[in-house]
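Hello,

Here is the structure for you to take over. Please keep it open while you read the notes below.

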Amino acid sequence: MTIARALTIAGSDSGGGAGIQADLKTFQELHVFGMSAITAVTAQNTLGVTGIYELPPEAVARQIDAVATDLGVDAAKTGMIANIEIMEVIAEKVREHRIHRLVIDPVMIAKSGHALLKEDARDALKRLLIPLATVITPNLPEAEVLTGMSLSTMEQRKEAAKRLLDMGVHAVVIKGGHTDDEEAVDLFYDGREFRTLSAPRFHTRHTHGTGCTFSAAITAELAKGESLWEAVKTAKAFITEAIRHPLDLGQGHGPTNHWAYRQFK
Ligand SMILES: Nc1ncnc2c1ncn2[C@@H]1O[C@H](COP(=O)(O)OP(=O)(O)OP(=O)(O)O)[C@@H](O)[C@H]1O
Ligand SMILES: Cc1ncc(COP(=O)(O)O)c(N)n1
């Protein structure tokens with residue numbers, strides 16, 4: 001039996017709802033062998049982040065080397081990267097190990113408001129990582145930072161998607177989680193056509209790690225060899241079920257339910 005292998009390069013969330021933990025749970029649910037390269041350890045729960053401990057860039061490099069030279073990587077994703085030095089190492093290793101299916105979730109600020117990427121690293125993201133990516137999955141505030149545009153209308157989001165493609169990425173999904181619209185509508189663009197993915201918006205406080213889970217699901221499907229559009233559609237179904245069936249955990253922004261896609265779809 002061939003086993004699809006996916007690597008997440010991201011931060012650890014001790015609370016288990018976002019970051020590496022969300023990614024590995026998603027990989028497992030989608031029947032992909034999950035591996036990790038940890039960039040930073042966060043002390044975090046549903047109420048917020050109480051500590052961030054960045055790893056030395058060398059430690060990130062060694063983790064990626066260890067995985068890529070032995071087990072192999074069919075697809076990888078990045079999440080929290082923390083700083084420029086770690087970003088440089090990731091870009092170097094992605095090139096060295098010829099990781100061609102790369103999903104970038106440009107994590108900048110946690111839902112609780114804590115910065116997960118140093119501000120001076122935002123430009124480096126455009127310069128170093130975006131040109132290597134198969135797809136980038138910004139939420140609306142992240143897409144605004146990357147393009148310098150205000151994105152309140154769909155027309156503006158389409159223009160922003162074009163600008164992101166001009167930065168060298170093959171495709172983009174601008175996620176619609178951060179609006180008050182009745183539907184959660186994500187915009188997909190691959191340079192050929194615009195497509196939208198819609199789901200009902202659930203009024204819930206359990207949305208911690210939605211973006212991590214969504215990008216991990218895309219990565220898992222790409223690792224299996226699915227086309228990008230099929231991967232994005234499955235990821236949307238996965239995250240929608242994970243939000244629709246919340247777990248009653250924590251006093252703040254709780255995690256999504258990674259079992260839900262398997263149980264209820
Ligand atoms: N309340 C909601 N109801 C339904 N779908 C949602 C809701 N919130 C987010 N989504 C969907 O979840 C996915 C992730 O989007 P979101 O904009 O929340 O990402 P994010 O802000 O990067 O997440 P995070 O930073 O929490 O990891 C998208 O497909 C989005 O449409
Ligand atoms: C380690 C890590 N990675 C990513 C997020 C973003 O998730 P959210 O925006 O839901 O807080 C996070 N909080 N922690």
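**Helix pairs**

Helices α5 and α6 are oblique to each other. (Angles under 35 degrees count as roughly parallel, over 145 as roughly antiparallel, 65 to 115 as roughly perpendicular and the rest as oblique.) Helices (H or I, at least four residues) and strands (E, at least two) are DSSP runs, numbered from the N terminus.

Before going on, the ground rules. The model is predicted, so local features need pLDDT of at least 70 and side-chain atom pairs count only at pLDDT 80 or more, while totals for chains, interfaces and linings use all residues. Residues are numbered from 1 along each chain as its sequence is written, chains are lettered from A and ligands numbered from 1 in the order in which they are written, and side-chain values use heavy atoms, with hydrogens and water left out.

Back to the helices. The axes of α5 (residues 140-147) and α6 (residues 154-166) cross at roughly 55° and come within 10 Å. Axes are lines fitted to C-alpha atoms, for helices over the stretch in contact, and angles run from 0 to 180 degrees between N-to-C directions. This crossing of α5 and α6 is left-handed. (Left-handed: the near helix is turned anticlockwise from the far one by less than a right angle; right-handed: clockwise.) On the α5 side the contact uses L140, L146 and T147; on the α6 side it uses R157, A160, R163 and L164. Contact means heavy atoms within 4.5 Å. By class, the α5 and α6 contact has 4 nonpolar, 1 polar and 2 charged residues. (Ala, Val, Leu, Ile, Met, Phe, Trp, Tyr, Cys and Pro count as nonpolar, Asp, Glu, Lys and Arg as charged, and the others, Gly among them, as polar.)

Another pair is α1 (residues 19-29) with α7 (residues 210-223). Their axes come within 8 Å and cross at roughly 40°. That makes α1 and α7 oblique to each other. Their crossing is right-handed. From α1, G19, A22, D23, T26 and F27 meet C212, T213, A216, A217, T219 and A220 of α7. The class count for the contact of α1 with α7 is 6 nonpolar, 4 polar and 1 charged.

**The sheet**

In what order do the 9 strands of the open sheet run? The order is β3-β2-β1-β4-β5-β6-β7-β8-β9, and the pairing is mixed. Two strands pair if DSSP finds at least two bridges between them. β3 (48-54) and β9 (194-200) are at the edges, each with a single partner strand, so one side of each has no neighbour in the sheet.

- β2 and β3 form a hairpin with 2 residues between them. They run antiparallel, joined by 6 bridges. V41 has Y53 of β3 as its bridge partner.
- β1 (residues 5-13) pairs with β2 (residues 33-45) in the parallel sense over 8 bridges. L7 has M35 of β2 as its bridge partner.
- β1 also pairs with β4, in the parallel sense, over 4 bridges. Here the bridge partner of A6 is A75.
- β4 and β5 (residues 102-104) run parallel, with 3 bridges joining them. A76 stands opposite L102 in β5.
- β7 (residues 171-174) and β8 (residues 183-189) pair in the antiparallel sense over 3 bridges. V173 is opposite F188 in β8.

**Burial**

Buried means under 20% relative accessible area, exposed over 50%, partly exposed in between (1.4 Å probe, protein chains only). In β1, 8 of the 9 residues are buried, so β1 is largely enclosed by the rest of the structure.

In a regular strand the side chains alternate between the two faces of the sheet. In β4 (residues 75-78), A75 and K77 point one way, A76 and T78 the other way, and all are buried.

**Two residues to look at**

Is D186 buried or exposed? D186 has 5% relative accessibility, so it counts as buried. D186 is found in β8. Leaving aside residues up to four places away in sequence, D186 touches V173, I174, K175, G176, R195, T196, L197, F214 and K236. The C-alpha atoms of D186 and T26 are 20 Å apart, with the two residues 160 apart along the chain.

M1 lies in the segment before β1. At 95% relative accessibility, M1 counts as exposed. M1 and D180 are 179 residues apart along the chain, and their C-alpha atoms are separated by 45 Å.

Best regards
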